[in-house]
Amino acid sequence: MSKFSLLVIASSTAVFLGSGGYTLLPRELYDPACDIKGNISIGSGAKIYHVKSQEYYDATVIRYEYGERWFCSEADARAAGWRRAGR
């Protein structure tokens with residue numbers, strides 16, 4: 001790749017990020033502070049979120065294809081209709 005191509009890519013990226021283009025992506029995809037796991041129960045369909053201090057946090061895997069997702073705060077999770085896990 002030529003130096004000119006690298007310069008174009010670097011300047012385009014800088015302009016994109018500088019103009020707020022990163023906001024086109026959900027914050028959950030790029031912010032490591034969004035560490036609340038929104039899980040959907042296979043049996044009941046219940047929407048349950050897990051925080052790091054809970055028993056099954058590490059075992060919970062987020063599967064986007066099932067509608068599961070990450071949240072940045074418990075308030076965000078509750079506002080989206082999810083409830084906190086019991087343990």
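**Ground rules.** I am reading a predicted model, where local features need pLDDT of at least 70, side-chain atom pairs count only at pLDDT 80 or more, and totals for chains, interfaces and linings use all residues. Residues are numbered from 1 along each chain as its sequence is written, and side-chain values use heavy atoms, with hydrogens and water left out.

**Entry 1: salt bridges.** I counted a salt bridge where a side-chain nitrogen of Lys or Arg is within 4 Å of a carboxyl oxygen of Asp or Glu. That rule gives four salt bridges. I looked up E74 and R84 and found their closest N and O atoms 2.9 Å apart. E74 sits in helix 2 and R84 in strand 4, ten residues apart. (Helices, H or I of at least four residues, and strands, E of at least two, are DSSP runs numbered from the N terminus.) For exposure I used relative accessible area with a 1.4 Å probe and protein chains only: buried is under 20%, exposed is over 50%, and partly exposed is in between. E74 is partly exposed at 25%, and R84 is also partly exposed, at 36%.

Next I checked K52 and D35, whose side chains meet in a salt bridge at 3.6 Å, N to O. K52 belongs to the loop between strand 2 and strand 3, while D35 belongs to the loop between helix 1 and strand 1, 17 residues apart. K52 is exposed at 56%, and D35 is partly exposed at 22%.

I also noted E55 with R87, their closest N and O atoms 3.9 Å apart. E55 is in the loop between strand 2 and strand 3 and R87 is in the segment after strand 4, so this pair ties together parts 32 residues apart in sequence.

Entry 2: I found four strands in an open sheet, in the order 3-1-2-4, with mixed pairing. (Two strands pair if DSSP finds at least two bridges between them.) Strands 3 and 4 stand at the edges with a single partner strand each, so one side of each has no neighbour in the sheet.

I then followed strand 1 (36-40). Three bridges join strand 1 to strand 3, running antiparallel, and I36 stands opposite F71 there. Four bridges join strand 1 to strand 2, also antiparallel, with I40 partnered by K47. Strands 1 and 2 form a hairpin with six residues between them, and G45 in the turn has a positive phi of about 80 degrees. Strand 2 and strand 4 run parallel, joined by two bridges.

Is strand 1 enclosed or open? Five of its five residues are buried, so strand 1 is largely enclosed by the rest of the structure. I36, G38 and I40 cover one side, with K37 and N39 on the other.

**Entry 3: the disulfide.** I looked for cysteine sulfur atoms within 2.5 Å and got one disulfide. C34 and C72 form this disulfide, with their sulfur atoms 1.9 Å apart. The torsion about the S-S bond is about 80 degrees, so the disulfide is right-handed. C34 lies in the loop between helix 1 and strand 1, and C72 in the loop between strand 3 and helix 2, 38 residues apart. Both count as buried, C34 at 5% and C72 at 16%.
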